[in-house]
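Dear colleague,

I am passing the structure on to you below, together with some notes on what I found when I went through it. Please read them with the model open beside you.

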Amino acid sequence: KLEKPKDHIHTDKEESQKEIAQEGEENLFTDLAKYDFCFASGVGGWSTELRIYEDGIFRGNFHDNEIGDTGEDYPDGTRYISSFSGRFTKPEKINDYTYKMKIEYIKYDDELSKEEIGEGIRYIYAEAYGIDNAEDLYVYLPESPISALPEGYLDWVRMSMAIKETEEELPFYGLYNEREEAGFSSYKGDRSGIYEEIDSIEHEVIRMMEGFETMSQQEMNRVCEQVYTLWDDELNSMWKRIKEKLDEEEMEQLTKEQREWIAYKEEKVKAAGAEFEGGSAQPMVEYDVAAQITRKRVYELTQYLY
C-alpha cells in the first residue's frame with residue numbers, strides 16, 4: 001500500500017498539483033490520452049506500449065525477443081508478441097496525486113499461444129507484460145512525491161531510466177500494476193498526421209466491437225461490415241493522397257502491387273466465406289477477414305504519407 005506523504009510547507013507547487021488533481025478527477029482520461037505509456041526492460045529486450053483514450057478505452061502492443069531460441073525453421077530466433085485492447089473503469093481518487101482503477105475487460109487480437117513462422121522468426125502470441133493479471137492499477141500524477149510512491153513502481157521506472165535517483169518528484173504520469181509490481185511511464189507519442197488519423201479508426205473499431213459476443217448474428221454481421229467499411233474508406237482516402245505525392249513511375253509500380261493485393265484479399269475472403277457458405281455467419285466471416293487484410297494494408301501504405 002502507498003505510504004502517506006510527509007508533512008510539508010504549503011507551496012505554489014502544491015497548489016499547482018492540487019489543480020492538476022482536481023482537473024484529473026473531472027476527467028483523468030482526457031489528460032492521459034495526450035500520452036503513450038511504456039513498460040520496458042530498459043535494454044530493449046521487451047516492452048509493452050499502451051495508448052489510453054479519453055473515454056477509458058485502451059489499446060497496446062507487446063513484444064519480447066528470444067534471439068537464442070532458434071530452430072531449423074526459425075534460425076533468427078523467437079519473438080513473443082500480442083496486440084490487445086480494452087477499457088478501464090472510472091478512476092477513483094485516492095489522494096491529491098493518486099487515482100485507482102481496474103480493467104473492465106481486455107481482449108487480445110490473436111489467440112494466445114498461437115504460433116507462426118515467417119522470415120526466419122517464430123512468433124508466439126502471449127500475454128502482455130505489465131497489463132496481465134492486473135487487479136488494482138494506480139495512476140500517479142506529475143509532481144507526485146517520489147518518497148510516497150511504492151518501491152515496486154520506482155524500481156521499474158528507474159531501471160528503464162525514466163527517472164534519476166536524485167529526483168524528488170515524478171516528472172510524468174505513472175501507471176502501476178500493483179499485483180505484478182509493474183511500472184509504466186508516460187511520454188509524448190506521435191499525435192500528428194497519418195498516425196493520429198489511423199489511431200482514431202483503431203479507437204472507433206474497439207468501441208464498435210464492445211459487447212460483440214452478446215450480439216445477435218445479424219448485429220455481428222452489421223458491425224463487421226461497418227468495421228470493414230472504416231478501413232476500406234481509409235485505404236481509398238490514402239490512395240488518393242499517395243497519387244498526389246508519387247511520380248508516374250513510382251505510382252505505376254505501386255498500382256501493380258495494389259492490384260495483386262486486391263486479388264489476394266478477394267481470394268482470402270472467398271476462402272473464408274466458403275467454410276460458412278449459405279450460413280448466417282458467412283457475411284460476418286467475410287467482412288472480418290476483409291477488414292483484417294485491409295487494416296494491414298493501410299499500415300503498409302503509411303510509408304508513402306509520413
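How many residues does helix α3 have, and what distance does it reach from its first C-alpha to its last? Helix α3, residues 193-209, has 17 residues and reaches 25 Å, close to the 24 Å expected at 1.5 Å a residue. Please bear in mind that this is a predicted model, with an average pLDDT of 90 over the chain and 91% of the residues scoring at least 70. Over residues 1-11, however, the pLDDT is below 50, although this stretch has 16 contacts in the model beyond near neighbours in sequence. Where pLDDT is low, the predicted coordinates should not be read in detail.

To return to α3, its buried residues include Ile194, Ile198, Ile201, Val205 and Met208, and also Asp199, Glu202 and His203. Among the elements that cover the buried residues of α3 are the strands β2, β3, β4 and β7, as well as the helices α4 and α6. Just after α3, Gly211 takes a positive phi of about 75 degrees.

Strand β10 (residues 137-140) runs antiparallel to β11 and is joined to it by four bridges, with Leu137 having Asn177 as its bridge partner. Strand β12 (residues 182-187) also pairs with β11 in the antiparallel sense, over four bridges, and here Leu175 stands opposite Phe184. In the hairpin of β11 and β12, with four residues between the strands, Glu181 takes a positive phi near 50 degrees.

Notes. Residues are numbered from 1 along each chain as its sequence is written. This is a predicted model: local features need pLDDT of at least 70, side-chain atom pairs count only at pLDDT 80 or more; totals for chains, interfaces and linings use all residues. Side-chain values use heavy atoms; hydrogens and water are left out. pLDDT is the predictor's confidence in each residue, from 0 to 100. Contact means heavy atoms within 4.5 Å. Helices (H or I, at least four residues) and strands (E, at least two) are DSSP runs, numbered from the N terminus. The expected span of a helix is 1.5 Å times one less than its number of residues. Buried means under 20% relative accessible area, exposed over 50%, partly exposed in between (1.4 Å probe, protein chains only). Two strands pair if DSSP finds at least two bridges between them.
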